[in-house]
Amino acid sequence: MTYENRKNQRIKKRKIRNIIIISIFSLLLAKSAYGIIAKTPKTTLPKEEDYIISTKALGVMIKDEKVYDIEGNIELNPLIEEGKRVSLGFEIGKVNIVGDIRSLSEELDELNKAVNQLTEKANESKLFISDKETLESSQEVLMREIQRKINEKDYASIGDLKNQILANDEKLSDVSLENTLLSQSLESLTKKRDTIIDEINNSSTSYYTQQSGVISFAIDGYENIYIPKEFENYTYDKIQIPESKMKSGTTEKEDKLKNKYKIINNFNWQLAIKIDNIENVGSYELGDTINLKIADNDRELVGRIIAINESNGKAVFIVEFNSYLFDYYNQRFSTIEILLKKQDAYLIPTKSIVDNNGQKGVYIKEFNGIVRFKPIEILGEKDDYTFVSKGDANRYIKLNTENQVRTISLYDEILINPWNFDEGDILN
């Protein structure tokens, strides 16, 4: 082997040795960094949230509602609002009872124009009255002048005086005739106008509410079917909910009809709930309160059960309410969520839960940095989180044994990566 070959081999071995050393160092550095990162405590605080167990059912709104007919097309009172409460005797609007009210209005407009024109002419005729008085005075003067000429036997100028008197008489006749015709026309038109005004005023009738309550023009046709009486007849088989009414959602909204309206008693209303399996809703009894939600509305309603109609393992609950009708007045068929159980709870990440000798719990970081295990009582799950019990007033929960132990509090810092720690570890 030549010197050059030996030299190249030494260089190659040196390079391989350097690569191995660098690789080992990099692995050690990466492992150390991973250990530091893994050992970095990540914590979170429990979140307060109600733990709810519920079941779904279909329900039918029962309301004390009365439908009223309107004869003709009504012009609604601009103050009226759909779904708002109205008092007894509130004017809903006016309905025209004369077929061609427009022609009467047009005729009235023409009469008003004619009356106005004649009134202006009548004002001008006052000047004619003054002219008449002047002519009459002139006639008296001319008559006296003729009398004087006759007495003096001066007959030469009597003919001219007679012609002046005849001319004045003709003028007086014209003035009197025009004034007479004008007064007659004005009087006739005024009477005709008053007659049409009376006819128009009597051509509409007002509609007033006959009871107080929530007013609505949304008529669904079930107002006389689901009525608030004889609740024992609302059995599972008798309550039929059309599938078409549930396709587009949970609320039932019909087109508004301008020839009908209804008034709904806003003090009490009921809900008939169809229960497919009576065992799924627990042990409710007559008179119990029940918590529920009506779909499309997050409000939690509290009602009183006034009837329970059981048949073949199924049932219908009739629940009565005395508030919030304004939010549901236009609904008939709805999906109901019955809240069977509601409990104050904490929500924590599921991945933070560990098993410590058969007991579920979490590691928390105490204020002094020491890692401690705290047992929990699991209630249920929600996505990547778990509901756990708050315990009693002193945070005690009962485990499988009779012993009570303290569980987590609202301010405990829960380790999210508990697998990297042991109880008793001291964290920075």
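Before I go on, a word on what we're looking at. This is a predicted model, where local features need pLDDT of at least 70 and side-chain atom pairs count only at pLDDT 80 or more, while totals for chains, interfaces and linings use all residues. Residues are numbered from 1 along each chain as its sequence is written, and side-chain values use heavy atoms, with hydrogens and water left out.

Back to S389, then. It sits in strand β17, residues 385-389; helices (H or I, at least four residues) and strands (E, at least two) are DSSP runs, numbered from the N terminus. Is S389 buried or exposed? S389 is buried, at 6% relative accessible area. Buried means under 20%, exposed over 50%, and partly exposed in between, with a 1.4 Å probe and protein chains only. If we leave aside neighbours within four places in sequence, S389 is in contact with Q343, Y346, E377, L379, I397 and T407, contact meaning heavy atoms within 4.5 Å.

Now the overview. There are four helices and 20 strands in the protein, and 34% of its 428 residues are buried. Take the contacts between residues at least 6 apart in sequence: 76% of them join residues at least 24 apart. The accessible surface is about 26,900 Å², with 49% of that belonging to carbon and sulfur atoms; these areas come from the Shrake-Rupley method with a 1.4 Å probe, and for residues only the protein chains shown count as cover.

On to the inside. In soluble globular proteins, nonpolar side chains tend to be buried together. By a nonpolar core I mean a set of buried Ala, Val, Leu, Ile, Met, Phe, Trp, Tyr and Cys residues joined through side-chain atoms within 4.5 Å. The largest one here has 25 residues, and I273, L292, I294 and F317 have the most contacts inside it. Which strands supply at least two residues each? Those are β2 (47-69), β8 (260-275), β9 (289-294), β10 (301-311), β11 and β12. Strand β8 gives the most, with five residues. A second, separate core has 14 residues, V60, I62, Y234 and I241 among them.

Let me pick out L292. Again leaving aside neighbours within four places, its contacts include L271, I273, L301, F321, I336 and I338, along with the charged R299, E300 and E337.

You'll find A272 in strand β8, buried with a relative accessible area of 0%. Beyond four places in sequence, A272 is in contact with L58, G59, V60, I62, I239, V316, F317 and I318. Side chains of opposite charge can pair when their charged atoms come close. A salt bridge, for us, is a side-chain nitrogen of Lys or Arg within 4 Å of a carboxyl oxygen of Asp or Glu, and the structure holds 15 of them. One joins K342 and E300 at 2.9 Å, N to O. That pair links distant parts of the chain, 42 residues apart: K342 is in strand β12, and E300 is in the loop between β9 and β10. K342 is partly exposed at 45%, and E300 is partly exposed at 27%.

So what about R332? R332 lies in the loop between β11 (314-321) and β12 (333-349), and R332 is buried, at 0% relative accessible area. Its side chain makes a polar contact of 2.8 Å with the side chain of D220.

Last stop, the surface. I16, I20 and I24 make a nonpolar patch of about 280 Å². Patches are made of residues with over 30% relative accessible area and no salt bridge, with like charges joined within 9 Å and nonpolar side chains (Val, Leu, Ile, Met, Phe, Trp, Tyr) within 5 Å. I24 is in helix α1, residues 3-38, and is partly exposed at 46%.

Note on methods. Polar contact = N/O pair within 3.5 Å; in protein donor to acceptor, adjacent residues only side chain to side chain.
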